Amino acid sequence: MDTQGTVNKVNRHEPLGLTDGQVIDMYRYMLLARKYDERSLLLQRAGKINFHVSGIGQEAAQVAAAFALDRENDYFLPYYRDYAFVLSVGMTTRELLLSVFAKAEDPNSGGRQMPGHFGSKRLRIVTGSSPVTTQVPHAVGFALAAKMQKKKFVSFVTFGEGSSNQGDFHEACNFAGVNKLPVIIMCENNQYAISIPAHRQLGGKVSDRALGYGFPGVRVDGNDPLEVYRVVKEARERAVAGEGPTLIEAMMYRLSPHSTSDNDLAYRTKEEVEENWKKDGVAHFREYLMELGLWSEEQERDLAAQYNLELKEAIEYADNAPFPKPEDTLRHVYSESEGGV
């Protein structure tokens, strides 16, 4: 707002090389992820699914990062809250729901993993395991392969700030720094590692830890998708130019409980959560588009209705799809090539 109380309609995306169509698409993915998340919470409350880990409040940074990467060539190692990210790189709500319902058609794991353990060979999404942070050294391994094969792709990995205290994170950063590998390591700092607030688990900034490993660390407002886009794009340019890794700390807030098994009001106040809803990146980006005349209330209603129908159809499909067969338990665990098990 200016001193006269009128809105400054400053176009911030064109200087970043983003078209009007691209920023509208960014918002579409943010809204889709939010709708998916909200519907999954309702499914769990209704007893239709067993468990859900929410990513509400983290969509803006996830979508922005996806748009800054090469979605045709880069490799992605997301963590379990990254619904907006995987949707932005090509997964569908049906594929996500097949995983949530643990069905045989689930492309992530054939219905055998917990929800949020994404995987798609088609989209170069590398599946992660349940122990947190193990995806970070895996991402560094993919970056090492890119360097050895002299290929121009980068690996991109995300994790929560609590994970930055794990040994896997530090060993991966050290190896990436020593070898100047093309990897982008992004911490989604949502202020809570389950029930432990950041000030009780971090002695300083996560981004500052990069300095000890010889590469840049950047802290960015994770509620501002245009700033996240800029930082991730610059990190990718550094990586493909052979300048090595970048650690990005995207500051945000987990607006929902840790999971559907969590009572978040046991460790934070209702007032704290309500105050952070005012900073919601999805709502602020919608306002930005409306200020520029790129979005309207009518478009919002139409898109919400479209997504509600899409989710309804995806839920019905996933709910009625067959479960894995007992004989498929070891499928993909051992080699299926000739001579294998």
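**Exercise 1. The largest pocket**

Find out which helix gives the most to the lining of the largest pocket in this predicted model.

*Solution.* 
Step 1. Begin with the helices that each supply at least two residues of the lining: these are H7 and helix H9 (281-291).
Step 2. Now look at the contributions. H9 gives the most, with five residues.
Step 3. Fill in the rest of the picture. The largest pocket has 14 lining residues, and those nearest its centre are Arg12, Asp224, His284, Phe285 and Tyr288. Its volume is about 290 Å³.

**Exercise 2. From S6 to S7**

Describe how strands S6 and S7 pair, and then follow the chain from one to the other.

*Solution.* 
Step 1. Locate the strands: S6 covers residues 217-221 and S7 covers residues 246-251.
Step 2. Check the direction. S6 and S7 pair in the parallel sense, with five bridges between them. For one example, aspartate 221 has methionine 251 in S7 as its bridge partner.
Step 3. Follow the chain. On its way from S6 to S7 it passes through helix H7 (residues 225-240), and this β-α-β crossover is right-handed.
Step 4. Glutamate 237 lies in H7. Its relative accessible area is 44%, so glutamate 237 is partly exposed; the limits for that class are 20% and 50%.
Step 5. Glutamate 237 and leucine 87 are 150 residues apart along the chain, and 23 Å separates their C-alpha atoms.

**Exercise 3. A strand with two covered faces**

Decide how far strand S2 is enclosed by the rest of the structure, and name its neighbours.

*Solution.* 
Step 1. Count the buried residues. Six of the six residues of S2 are buried, so the strand is largely enclosed by the rest of the structure.
Step 2. Sort the residues by face. Side chains in a regular strand alternate between the two faces of the sheet. On one side of S2 are Ser155, Val157 and Phe159, on the other Phe156, Thr158 and Gly160, and all are buried.
Step 3. Look at the first neighbour in our list. S1 pairs with S2 in the parallel sense over three bridges, and tyrosine 75 stands opposite serine 155 in S2.
Step 4. Turn to the other neighbour. S2 and strand S3 (residues 183-189) run parallel and are joined by six bridges. Here threonine 158 stands opposite methionine 186 in S3.
Step 5. Together with helix H6 (residues 167-179), S2 and S3 make a right-handed β-α-β unit.

**Exercise 4. Sorting aromatic pairs**

Classify the ring pair of tyrosine 75 and phenylalanine 153, then compare it with the pair of phenylalanine 76 and phenylalanine 85.

*Solution.* 
Step 1. Use the angle. The ring centres of tyrosine 75 and phenylalanine 153 lie 4.9 Å apart and the planes meet at 55°, so this pair is tilted. Planes over 60 degrees apart would count as edge-to-face, and planes under 30 as stacked.
Step 2. Tyrosine 75 belongs to strand S1 (residues 75-77), while phenylalanine 153 is in the loop between helix H5 (135-148) and strand S2 (155-160); the two are 78 residues apart, and the pair links distant parts of the chain.
Step 3. Compare accessibility. Tyrosine 75 has 25% relative accessibility, so it counts as partly exposed. Phenylalanine 153 has 11%, so it counts as buried.
Step 4. Move to phenylalanine 76 and phenylalanine 85. Their pair is edge-to-face, with 5.4 Å from centre to centre and 75° between the planes. Both phenylalanine 76 and phenylalanine 85 are buried.
Step 5. Finish with a group of rings: Tyr36, Tyr83 and Phe118 are linked into a cluster by ring pairs.

**Exercise 5. Charges over rings**

Which rings have arginine 94 and lysine 103 over them?

*Solution.* 
Step 1. Arginine 94 lies over the face of tyrosine 317, 3.6 Å from the ring centre.
Step 2. Lysine 103 has its charged end over the ring of phenylalanine 323, at 4.6 Å from the centre.

**Exercise 6. Enclosed space**

How many cavities of 30 Å³ or more does the structure hold, and which residues are the closest to the centre of the largest cavity?

*Solution.* 
Step 1. There are three such cavities.
Step 2. The largest cavity holds about 120 Å³ of space. It is lined by 14 residues, and Pro78, Tyr79, Tyr80, Ser129 and Gln135 are the closest to its centre.

Note on methods:
Residues numbered from 1 in each chain as written. Predicted model: local features only at pLDDT ≥ 70, side-chain atom pairs only at ≥ 80, totals over all residues. Heavy atoms only, no water. Pairing = 2+ DSSP bridges. Helix = DSSP H or I, 4+ residues; strand = E, 2+ residues; numbered from the N terminus. Right-handed = clockwise from strand over helix to strand, strands pointing away. Phe/Tyr/Trp six-rings, centres within 6.5 Å; stacked < 30°, edge-to-face > 60°. Buried < 20%, exposed > 50% of the residue type's maximum accessible area, 1.4 Å probe, protein only. Lys NZ or Arg CZ within 6 Å of the ring centre and 35° of its normal. 1 Å grid on protein atoms, 1.4 Å probe; cavity = no way out; pocket = protein on both sides within 12 Å on 5 of 7 lines; lining within 4 Å. Points joined across faces, edges and corners; volume = space filled by probe spheres on them.
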